[in-house]
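Visitor: I would like to learn how to read aromatic packing in a protein model. Could you walk me through it with the structure at hand?

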Amino acid sequence: MSKRENYETRTEELITPILERMNFELVDVEFVKEGGIWYLRAYIDKEGGITVNDCEAVAREMNEILDREDYVEESYTFEVSSPGLGRPLKKEKDYARSMGKELEIRTYRAINREKEFYGVLKAYDDKTVTIETEDGEELTFEKKDIALIRLAFDF
């Protein structure tokens, strides 16, 4: 396991009891470098959406734990955030919640000269995702070929 994966896993273990007590859901944890600064981010959600006050309450508790545990070697900024409208599907529960809803899929490489696909989620398993396009065509994608998968939204 890489250092990044270790940080993310340990953070998930430490933040989960806080979120369970508050009836929040952990969407994702990431340790990323942006503009020369390392960020340790936890994305949280709840029915009806997360507020700034919710993020602040979780961050306050988690910061005390991070200071005490001190397992991240690099200098970093810790953030707690809502996953927002463009919430990616990452876990099995995300796929289950999205059955029958329209998705946006972006692939790493072109398939029939296209890299962006839209359709209703019809099926998924550990390795594949199947959508039905607007014209009734069923497309199945290998998860390893998917760069991004999230709920589609129109403005």
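Visitor: Is Trp38 buried, exposed or partly exposed, and which term applies?

Guide: Trp38 is partly exposed, at 25% relative accessible area; buried means under 20%, exposed over 50%, and partly exposed in between, using a 1.4 Å probe and protein chains only. Phe31, by contrast, is buried at 3%. This is a predicted model, where local features need pLDDT of at least 70 and side-chain atom pairs 80 or more, while totals for chains, interfaces and linings use all residues. Residues are numbered from 1 along each chain as its sequence is written, and side-chain values use heavy atoms, without hydrogens and water.

Visitor: How are the rings of Phe31 and Trp38 arranged?

Guide: Rings of Phe, Tyr and Trp (its six-membered ring) pair if their centres lie within 6.5 Å; planes under 30 degrees apart are stacked, over 60 edge-to-face, the rest tilted. Here the centres are 4.5 Å apart and the planes at 5°, so Phe31 and Trp38 are stacked. The structure has five aromatic pairs, and ring pairs join Tyr7, Phe31, Trp38 and Tyr71 in a cluster.

Visitor: What else is in contact with Tyr71?

Guide: Contact means heavy atoms within 4.5 Å. Beyond neighbours within four places in sequence, Tyr71 touches Tyr7, Arg10, Thr11, Leu14, Leu40, Met62 and Leu66.

Visitor: Which charged residue lies over the face of Tyr95?

Guide: A charge counts if NZ of Lys or CZ of Arg is within 6 Å of the ring centre and within 35 degrees of the ring normal. Lys143 lies over Tyr95 at 4.3 Å from the ring centre, and Arg41 over Tyr39 at 4.7 Å.
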